Amino acid sequence: MQPLAATRSSPAIVRGIDNLPHKKFSITGNWGHTPSVSTNPLTNLASLPFRFKAGGESKMPAAVAHSHRPTTKVTHKPFKSKTASKHELRDRAKGKVPDERGLRKTPHQQVMSKFDRRNRGKQARLAKHREHLKDNSIFSGRDAAPRVVAVVPLCADGDAQAAIRHLNGSLDIDAQVHHGNTRVSIDRFKQQLQYIPLKRDLSACLDATRVADFVVVILSANEEVDSLGELILRGIESQGMSTLFTTVDGLEKMETAKQKQGVLSSLKSFITHFHPEQEKLFSLENRQECTNLLRSLCNTTPKGIRWRDDRTWMLAESVQFAHHDSDPTIITGVVRGRGLKADRLVQVGDWGTYQIEKIVAAPLPKHGKKNDNAAVEEESDKVLDEPTDDRDDLDELAPDDIAMNEEDDGEDAMSTVTSTKKGVLLDDHHYFTDEEEEARKVQKRVPKGTSNYQAAWYLEDVSDSGSDMEDVEMADDKDEDEEIGAEDGIEGYAQPEPTEAGPSEYPQSEMMEELGEADDAEQLAQFRSRKRDEVEDDKEFPDEIELHPQVLARERLARYRGLKSLRTSPWQEDEDRAHEPEDWRRLLRIPDYAASRSKSMREALVGGVAPGTRVHVYVRGIPAATEKSYDASRPVTLFSLLRHENKKTVVNYLINLSKDYAKSVKSKEELIAQCGPRRFVIKPIFSQSGSTPNDVHKFCRYLHPGASAIAAFVGPVTWGSVPVVFFKRTTAGAAVEGQEEPDLGLTLVGTGTALPPSTSRVVAKRVILTGHPYHIHKRIVTVRYMFFSREDVEWFKAMPLWTRRGRSGYVKEPLGTHGYFKATFDGRINPQDAVGVSLYKRVWPRNATPVRGQLLEANEHERQHEGGDVMMA
């Protein structure tokens with residue numbers, strides 16, 4: 001091994017020496033061994049490198065490489081923590097406990113200990129348990145309310161009474177099943193069930209399922225569900241339904257187990273298509289499965305229906321009709337939902353809305369001691385509630401004297417003579433009218449006695465002194481009664497907005513050949529030959545209309561106006577006063593819907609006969625002739641209406657057209673709408689949904705499959721978001737395309753939800769007049785087939801023009817007498833483009849009439865009678 005001093009040319013040695021301290025020392029030792037460092041400056045001085053010698057040679061050997069200390073060495077930043085460690089925080093606090101709960105805003109952000117978290121979980125469990133007990137408290141006790149079970153057969157061979165016998169037989173209960181309500185006591189589970197055996201009647205099924213706690217549908221292992229069964233299932237699902245159970249009849253009669261399993265899988269696939277939560281199908285022939293179903297009916301808490309829980313309802317156990325119309329009808333049943341108040345109106349089935357005379361207790365007789373029976377007799381005559389001064393009346397409209405002032409204010413607007421207007425209403429202004437001519441007059445100060453002809457020669461005011469001066473209004477050269485025509489070469493004064501007509505820039509450069517009447521009519525027929533089916537045209541050309549050449553547009557479209565923007569332009573309601581329905585001013589107006597709804601629903605929470613009480617309700621006003629149409633096998637329901645729910649207003653329903661209904665529904669077509677406990681025959685007007693700054697919404701002529709819109713009509717108010725079901729009457733027995741079964745006479749066309757009513761919501765019907773570009777010169781276009789007279793062009797010349805390809809323009813001047821006119825656009829248009837103008841008028845909703853009788857059994861005379869009273873005025 002060579003000594004370390006002999007390897008001065010080695011770069012590794014040089015780098016190692018650079019790291020040594022700056023002091024005199026010597027290194028001795030061999031390579032590979034630990035060197036010894038000496039502090040004696042005279043020891044082995046010759047062995048040091050050249051640059052460490054005090055008096056070394058001035059010439060550096062060539063073999064030594066240049067090296068120096070790095071000056072760009074990266075130094076890492078020290079670690080800085082935003083928050084100190086736990087022990088540092090503990091030292092800073094000096095024993096104080098920080099109150100971190102004050103820094104947290106929500107309970108979820110609170111820092112809680114393990115004990116607090118456990119306590120909160122316990123409180124949540126107790127609260128949920130109390131809520132569960134509250135929901136089931138009405139079904140517990142000696143005088144508990146029965147659980148209402150509606151049994152609905154969906155197949156033709158389904159028998160609801162036989163199904164109830166199977167259920168009772170599984171627990172050896174010998175109870176007679178009637179056609180009407182059947183009350184059965186289940187001693188094993190300490191509950192009472194009230195069965196409603198139903199037939200395949202749509203109206204009865206809808207009425208029973210909306211008051212039932214449980215709905216039991218019956219499927220058949222031998223027959224499929226037909227169109228009527230599917231209509232019933234879709235109807236009760238759309239109106240709102242409580243807990244559902246599915247049973248199968250005839251499953252045990254299958255020959256083989258494989259066949260039985262296949263049928264069960266098919267039926268399960270059918271019911272899960274409508275209700276995916278149905279995982280279990282109960283066989284009615286199996287005693288154990290019937291027992292399990294009864295256990296579920298007695299122990300399960302019904303999920304309820306939201307809109308129903310906000311009101312009071314009752315299933316009638318018996319009805320005692322009056323002998324005279326002045327006598328009350330007695331309806332007996334158990335109060336459910338909220339407390340029943342005698343001050344509120346009640347809706348009794350499809351019979352109508354009536355007032356309550358009084359509410360009397362009706363406890364059931366008890367099988368026990370004589371004292372108990374005597375107490376029951378005393379309670380049976382006890383009056384629980386009677387009407388007060390706060391009683392609701394049956395008036396649907398406001399009194400005439402309330403709306404008298406508003407009608408008087410509108411007489412001036414209705415008496416406006418339209419003949420004085422020279423142009424169509426655009427936004428809030430009539431352009432080219434006499435008022436504008438008055439505004440265009442200029443006042444000058446001229447000497448007294450100066451005529452209008454002499455005053456025209458004064459360019460400015462003659463003098464500032466007013467002693468010999470008078471104000472003279474300088475009118476235009478034309479007479480006031482003479483219309484300003486474009487043939488004069490001047491339009492008057494130039495309007496600042498592009499919607500105004502202006503003088504032509506090319507009066508002599510464009511020559512138009514005016515066709516004869518025969519040639520013009522032939523070309524018009526060829527142009528309109530593309531018209532096809534009305535529904536298909538509405539999809540491809542919505543809102544387009546075609547005027548007859550012999551009809552004046554200003555008379556045909558007298559009620560229409562122009563809007564620069566459908567969303568933001570103001571709508572002048574004074575122009576509509578003359579066309580309002582007769583009772584429009586007497587409708588209920590709700591300025592703040594949310595506050596009014598909350599107030600009405602809060603009133604239902606307090607007072608009234610407690611739920612679970614069996615009572616006799618004395619209803620005043622039911623005609624004695626109703627007894628003739630009464631059928632004990634059909635359920636009768638009683639719903640208490642909230643305050644003001646009998647008042648009429650403009651009702652808005654959101655309608656979603658069913659995808660299974662392949663046809664389009666025309667606006668103002670007769671439909672049957674069921675909202676909550678009431679059904680109406682309506683002729684709604686459809687409009688686009690959403691909110692706009694001016695509360696103006698476009699009218700829809702058709703509602704196409706899969707689309708949604710707002711259906712508006714005049715009817716009673718319904719507070720809250722209540723489901724709505726829409727039916728349409730069809731020809732019974734007619735062949736339906738794509739189906740083997742004949743038409744039932746009623747079809748479910750859509751579903752929806754009740755929206756806030758509003759009388760200020762404007763539904764604007766739009767019509768589009770289209771024209772054909774006849775001659776194009778740069779941005780100047782000659783348009784034809786939009787109007788057919790010069791007067792119509794003059795009337796609508798303030799309207800803005802547009803094309804399908806996005807160009808906008810305005811009318812310059814009329815040409816000839818056949819309705820041709822020049823128009824200027826913001827760019828060159830395509831010859832295949834179409835020029836259009838949009839006009840709007842307000843559409844008024846029509847009145848609704850209540851449905852009387854069954855949905856599928858209404859006779860033709862009743863339908864014509866209901867349809868004849870639809871119009872309000």
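A disulfide is taken here as a pair of cysteine sulfur atoms within 2.5 Å. In this predicted model, that criterion gives a count of zero disulfides.

Rolling a probe the size of a water molecule over the atoms shows where empty space is left. Six cavities of 30 Å³ or more were found. The largest cavity has a volume of about 100 Å³, and 13 residues form its lining. Arg344, Ala604, Ser640, Leu641 and Leu642 are the lining residues that lie nearest the centre of this cavity. Divided by class, the lining of the largest cavity comprises six charged, four polar and three nonpolar residues.

Helix α6 spans residues 227–238 and helix α7 spans residues 257–274; their axes come within 11 Å and cross at roughly 35°. On the α6 side, the contact is made by Glu230, Leu233, Arg234 and Glu237, while α7 contributes Phe270, Ile271 and Phe274. By class, the contact of α6 with α7 has four nonpolar and three charged residues, with no polar residues.

Definitions and conventions:
Residues are numbered from 1 along each chain as its sequence is written. This is a predicted model: local features need pLDDT of at least 70, side-chain atom pairs count only at pLDDT 80 or more; totals for chains, interfaces and linings use all residues. Side-chain values use heavy atoms; hydrogens and water are left out. On a 1 Å grid over the protein atoms alone, a cavity is a set of points where a 1.4 Å probe fits but cannot get out, and a pocket is an open set with protein on both sides within 12 Å along at least five of seven lines; lining residues have an atom within 4 Å of a point. Grid points are joined across faces, edges and corners, and a volume is the space filled by probe spheres set on the points. Ala, Val, Leu, Ile, Met, Phe, Trp, Tyr, Cys and Pro count as nonpolar, Asp, Glu, Lys and Arg as charged, and the others, Gly among them, as polar. Axes are lines fitted to C-alpha atoms, for helices over the stretch in contact, and angles run from 0 to 180 degrees between N-to-C directions. Helices (H or I, at least four residues) and strands (E, at least two) are DSSP runs, numbered from the N terminus. Contact means heavy atoms within 4.5 Å.
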